[in-house]
Amino acid sequence: MSFFSPHNHHSSITRQLSFGSLEAVNMELDKEFDALPFGVDYGRLENGLVYYVKCNPKPRQRASLALAVNVGSVLEEEDERGVAHIVEHLAFSATKKYTNHAIVKFLESIGAEFGPCQNAETSCDGTVYKLLIPIDKPELLSEAIQVLAEFSSEIRLSKDDLEKERGAVMEEYRDNRNADGRILDACWTLVMEGSKYADRLPIGLENVIKKVSSQTLKQFYQKWYHLSNMAVIAVGDFSDTKSVIELIKTNFGHKYSALEPPPIPHFKVPSHDDPRFSYFVEPEASESAVMIAYKMQADEMKTVKDYREKLVKSMFCMALNRRLFRISRRKDPPYFSCSVDSYDLVHDLKAYVMTSSCKEKGTLEALESMLIEIARIRLHGFSEREISVVRALKMSSIESTYLERDQMESSSLRHDYTEHFTNNKPIIGIEYEAQLQKSILPDILASEVSKFAEKLWTSCSCVILIVEPQAFAGIDDMKNIVMKINKLENKGSISPWDDEHIPEEIVNSMPNTGNIIEQREHANIGASELTLSNGMRVCYKCTDFFNDQVLFAGFSYGGLSELPECKYFSSSMGSTIAEEIGMFGHRPSVLIDMLAGKRVDVDIEISNYKRTFYGYCSPFYLEAAFQLVYQLFTTKVTPDDEVIKRAMQVKEEAILARERDPYTSFSNRAREINHGNSYFFRPFGINELQKVNPVKACEYFNTCFKDPSTFTVVIIGKTDPTVAVPLILKYLGGIEKPPLPILHFNSDYIKGLPYEYPKSITREVVYSPMIEVQCMVRICFPIELKNGTMEEEIHYTGFLTRLLEAKLLQLLRFKHGQIYNASVSESIDGDLPCLTGDICGDIRIDFSCNPKISLKLVDLALNEILRLREEGPSDQDVETILEVEQRAHENGLQENYYWLNQILRSYQSRIYSGDIGTSFKILDEGRSKVRELLNPLTMQLALQRIMAHRNQHTVVILMPQTSWFNRIKSFSQWTRQGIDMKIVAAIAGFTVLALSLRRYSKQSSEDRGFNCRELTMFKGLFGKTKPETNALTTLDKLNETLEMLEKKENVLLKKAAAEVEKAKEYAKGRNKRAAIQCLKRKKLYEQQIEQLGNFQLRVHDQMILLEGAKATTETVDALRTGAAAMKAMQKATNIDDVDKTMDEINEQTENMKQIQEALSNPIGASADFDEDELEAELEELEGAELEEQLLQPATTAPAAPVQVPAGRQQARPVPQKRTAEEDELAALQAEMAL
């Protein structure tokens, strides 16, 4: 099978000339753009639906569809906050035609994967449903458009659908309640203050998500989802657009709204003169940060003048960003990174936002520097050289877009048409836009760009936010900084910008050109392979997937795994320090200007087993890319104290930020349990940073990219061999080979990392302090791949991960509705290449969930995997994963990245024996063979073979930090999979130790006369001795108390009922005042009833506690032998030993205090109740029922049964039908509530 892509070596040159020969356009600034979008079939049906249809061949045999709805969260009322997002979720659950997630099953069956944020998104102003589908079968496009039609008007929104999806929505909400989510909320509220947008983030409110009714969802859906608010977008590899438009008309044309749709309201965000300040303390923040936002009206794009102003603003941001980057690379910089960009926030509002990250306690300094730079531009402007650099960048960007105008992805065009519909952004066509920019850019002067700074005053709708993990300053300090900069600017005391000298050439001294020692052609993959005179091997493949893209990567075996611990930490920092110093022979702040206008980027990576350089470029800047590679190999990185200080500061701040993250302790512990405690796997902390020797780090880096004979380079893209090969010989072949080999490793003898995969079942809960509840579950299964069938086993492992992910999503998301997403991935011995023996690794399952049900979800997941081992998957399961894999493979064949990775993999495979073509062929045949053999039985056997040991897995769960008593209670949730017996033994041992020490303390205080300090400590640990109480007698007493409380409750219920009857009578007689007094007395009785109910719950809890204590006592009796043995040992212990022991158990003392506190508070079911939530739920239910009755007085419905806590009897009867008097009384009560 030949994968060679035909190409024309001269086509790229022709396109380059075609851009250069573009004629200038008429520069009439008042000329208006066409309101209709360019280059797409656009229209509107009689029912108001807008459609966009365009033929686009990339990717082949695929279509990108969307239903855009101008309905977002800003339209929600207070009790609907989050409803727009929930409707979007439920669209995929059930519609009139598709039930029980049949839409998801349809998408998966045709190879269109379903996943979070892949198929729909809700914003403040709109909702977009997206599908990317294959269209090699005609019926697929028809059904996909039918799905969009169902979304438009037929989403079911039933109570059952809602209850199944609540958990998933709630989990998405919880995922957003981390540090970044809280910072985003604070920022959004500050920016949008004074408008409805301020409290209408799409995710909504927790209380609404948990309690909103399906009726509320239906009302919102029916009110706003009208075809006049919608557009269907279809971009794909269609044979023609007419047939697609007919499909849209067939599925949407007959739909009409029963009622006239309400107009979409417009919500303004008010401007403000005084700046708004916020100092936000976020203990879990990933960095100390500063944000300055300048709000203004969104750009109108109606004329050429508007387009020119947009270019000016874009150039301003680009020029300012280059300054900010240089400042961040100075000695003792005010920030580590800083940038400015424009954002379209909502309709008609955008903001230019400057953000920076800095060291702790450095935010005020960062704020001052950011404001000074804006003021500096107002005073002195940009230089012409700065603007010439930016002009070159803009021209280069539009040139690249123009060259690939016929190769745009359908999903990109779909996005453009969506923006046209939702935000009225014009579509004028790439050709015309290229002509405009080519005509306008040369005439834009530095003074015009600098003038935009006049719109960035802190007195013009400015918002300033500081985020710190601890409070080091305040709002007054921020205000003082603003006043300080204003004074400096008014006095003209800010100096002009000092430009750096920029060298013209990347390479100062041209290399000696190498030559070709051997050349081989691999026709089956359309690639050529060169062996150069310095030993470097270069493989290149010419493609025509993109006219302006060339990808390349070079690798050599031997990485960090070869290093002993004494060198590891310094060497692992080598690439970070080298990048800061300038690994290409020039400082980063200088290099960015040297490469201005050149579409090229090169980077490096030093991993465990390989050293790699990689990058991309335009075919016209291939020389610049190879020059950078040449510089990488010939530059000797020399330590620079200033640069090293900055690099170490950045690393230290990153470490501190990681330690603030609740997930850090979880990931660290999971890594240790699953991979061992070698220094390779330990987290890089402050202690490790202190071990770093910058000199040694640079020395190691200088050896990593020194010997070209050890490197293999792969180049993929739009290359002309007559141009590329001479450049390869000049720059790659010109790298001198050292006299002696450097880091020359044979792939068969690479030192593997000391992985220690678990040999048994290990389960552990990691408790981490956190501001808001988060919970993460990680389940790992060790796997083993046999040497003889290694490549096939790797394919089987890939299919297994797809199967497990699909089945766990079906179970935990779609059936139980308790997670938002689950990911399953495989790691095969850390990507160790070319091993000759068996390979180990693991399959990892990750999902977040409600911590209260995490253990149950673990059990469900493990049971599902056990079921698959014993029963195997279904035929449909296998067909689905085969289809998904095939569609991904087809897409990959059209991408340069895919070919780059496949050829690299062929070189790095253990089957490679010198012929890349043969290696590639064997790997491709192995994939085909596995696909042919894949069926439910072979999948089941693969699961049993690869995950061979059913009793080997690890479960690590991240939980919020709680008291020790609550942790012990949580152990009871482990089901038949069991809890680690080491934990059970530890609990028993601690109990025995506590009881034994208690007895010993009593005896010692009598016989040896403990001093006051020691005696006080023991009393604090165990409490005073109390006379024993018979448990059965106490339970009888509690039962008597419970009966008494229930009798009192019944009496009060009767009194309350009597007051209701009196109120009815007074209401009939129109004596409103007397009726209100009766209802007030009824309220008082109900308060007493509620109090008695609480007392009963407390008694129930005490009874449960006593029964548990009795069971505990029996357990302790069973351990009496151990206690006696402990007592015998303690008799031989003198007072000094005890004193020493007391010091050692200081920590245990504190834990026992927590246990005592837990015992002194209510526990059991009542401890989990949030009284405010219960009250709010009750009020909402009563209000909803009352509202329904008031709106529909002629219709009555049976009352819903009241759920009461377990162990408590329902004390009052529930009426089945309301009378007219009761309706009247309800109206009276509603009037009282008002």
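Predicted model: local features only at pLDDT ≥ 70, side-chain atom pairs only at ≥ 80, totals over all residues.
## Basis of the model

Local features need pLDDT of at least 70 and side-chain atom pairs count only at pLDDT 80 or more, whereas totals for chains, interfaces and linings use all residues. Residues are numbered from 1 along each chain as its sequence is written, and side-chain values use heavy atoms, with hydrogens and water left out.

Strand E15 (residues 550–557) runs antiparallel to E17 through eight bridges, with Tyr557 opposite Lys610; pairing requires at least two DSSP bridges between two strands.

Strand E16 (residues 600–606) is also antiparallel to E17, through seven bridges, and Val602 stands opposite Gly615. A hairpin of three residues joins E16 to E17.

## Nonpolar cores

A nonpolar core is a set of buried Ala, Val, Leu, Ile, Met, Phe, Trp, Tyr and Cys residues joined through side-chain atoms within 4.5 Å. In the largest, of 135 residues, Tyr129, Ile133 and Phe252 touch the most other members; helix H26 (residues 790–815) gives the largest share, 11 residues. A second, separate core of 94 residues includes Phe680, Phe681, Tyr731 and Leu904.

## Helix H21

Helices are DSSP runs of H or I with at least four residues. The 20 residues of H21 (residues 641–660) should span 28 Å at 1.5 Å a residue, which agrees with the 29 Å between its end C-alpha atoms; the expected span is 1.5 Å times one less than the number of residues. Among the buried residues of H21 are Val643, Arg646, Glu653 and Arg660.

Methods
Helix = DSSP H or I, 4+ residues; strand = E, 2+ residues; numbered from the N terminus. Buried < 20%, exposed > 50% of the residue type's maximum accessible area, 1.4 Å probe, protein only.
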